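Keep the structure open while reading.

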Amino acid sequence: MTLISAIGQQVFALFVDDGSLAIAILIWVAIVAGLISVFGVSAIVAGGLLFAGLVAILIENVLRRAWQI
């Protein structure tokens with residue numbers, strides 16, 4: 001059973017290297033989706049917000065990793 005568990009952990013780590021990055025992306029996508037459904041934000045504005053937020057999340061994650069090294 002430990003072999004199957006180890007394989008499962010490796011497969012999970014292959015797709016999700018940094019849990020905080022994945023959670024931040026999911027939260028940002030949910031926020032933008034909420035803006036669309038609740039406030040009726042246009043697709044162009046929502047796309048821009050999604051792009052800008054994901055770039056900011058990526059930059060923050062890269063800088064945090066760079067300071068750890």
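Glutamate 60 is partly exposed, with a relative accessible area of 39%. On the scale used here, buried means under 20% relative accessible area, exposed means over 50%, and partly exposed lies in between, with a 1.4 Å probe and protein chains only. The model is a predicted one: local features need pLDDT of at least 70, side-chain atom pairs count only at pLDDT 80 or more, and totals for chains, interfaces and linings use all residues. Residues are numbered from 1 along each chain as its sequence is written, and side-chain values use heavy atoms, with hydrogens and water left out.

Glutamate 60 is found in helix H3; helices (H or I, at least four residues) and strands (E, at least two) are DSSP runs, numbered from the N terminus. What does arginine 64 form with glutamate 60? The two make a salt bridge, with the closest N and O atoms 3.0 Å apart. The term requires a side-chain nitrogen of Lys or Arg within 4 Å of a carboxyl oxygen of Asp or Glu. The structure holds one such salt bridge. Both partners lie in helix H3, four residues apart, or about one turn of the helix. An α-helix has 3.6 residues a turn, so residues three or four places apart point the same way. Arginine 64 is also partly exposed, at a relative accessible area of 31%. Along the chain, alanine 24 is 36 residues away from glutamate 60, and their C-alpha atoms are separated by 11 Å.

Next comes asparagine 61. Is this residue buried or exposed? Asparagine 61 is buried, its relative accessible area being 8%. It belongs to helix H3, which covers residues 43-68. Apart from neighbours within four places in sequence, asparagine 61 is in contact (heavy atoms within 4.5 Å) with Asp18, Ser20 and Leu21.

The expected span of a helix is 1.5 Å times one less than its number of residues. Just after H2, glycine 40 takes a positive phi of about 65°.

Helix H1 covers residues 2-15 and includes phenylalanine 15. Its 14 residues should span 20 Å at 1.5 Å a residue, and the end C-alpha atoms are 20 Å apart, which agrees. H1 is hardly covered, since its count of buried residues is zero. Phenylalanine 15 is exposed, at 66% relative accessible area. Together with Leu3, Ile7, Val11 and Leu14, Phe15 forms a nonpolar patch on the surface, with about 580 Å² of accessible area in total.

Now the whole chain. The protein chain has three helices and zero strands, in the pattern α-α-α along the sequence. Its radius of gyration, taken over C-alpha atoms, is 16 Å, well over the 11 Å that the globule rule gives for 69 residues, so the chain is more spread out than a compact globule. That rule is 2.2 Å times the number of residues to the power 0.38. The C-alpha atoms fill a box of roughly 50 × 30 × 15 Å along the principal axes. Buried residues make up 9% of the 69 residues.

Methods:
Patch = residues over 30% accessible without salt bridge, like charges linked within 9 Å, V, L, I, M, F, W, Y side chains within 5 Å. Areas by Shrake-Rupley, 256 points an atom, 1.4 Å probe, with all protein chains shown as cover.
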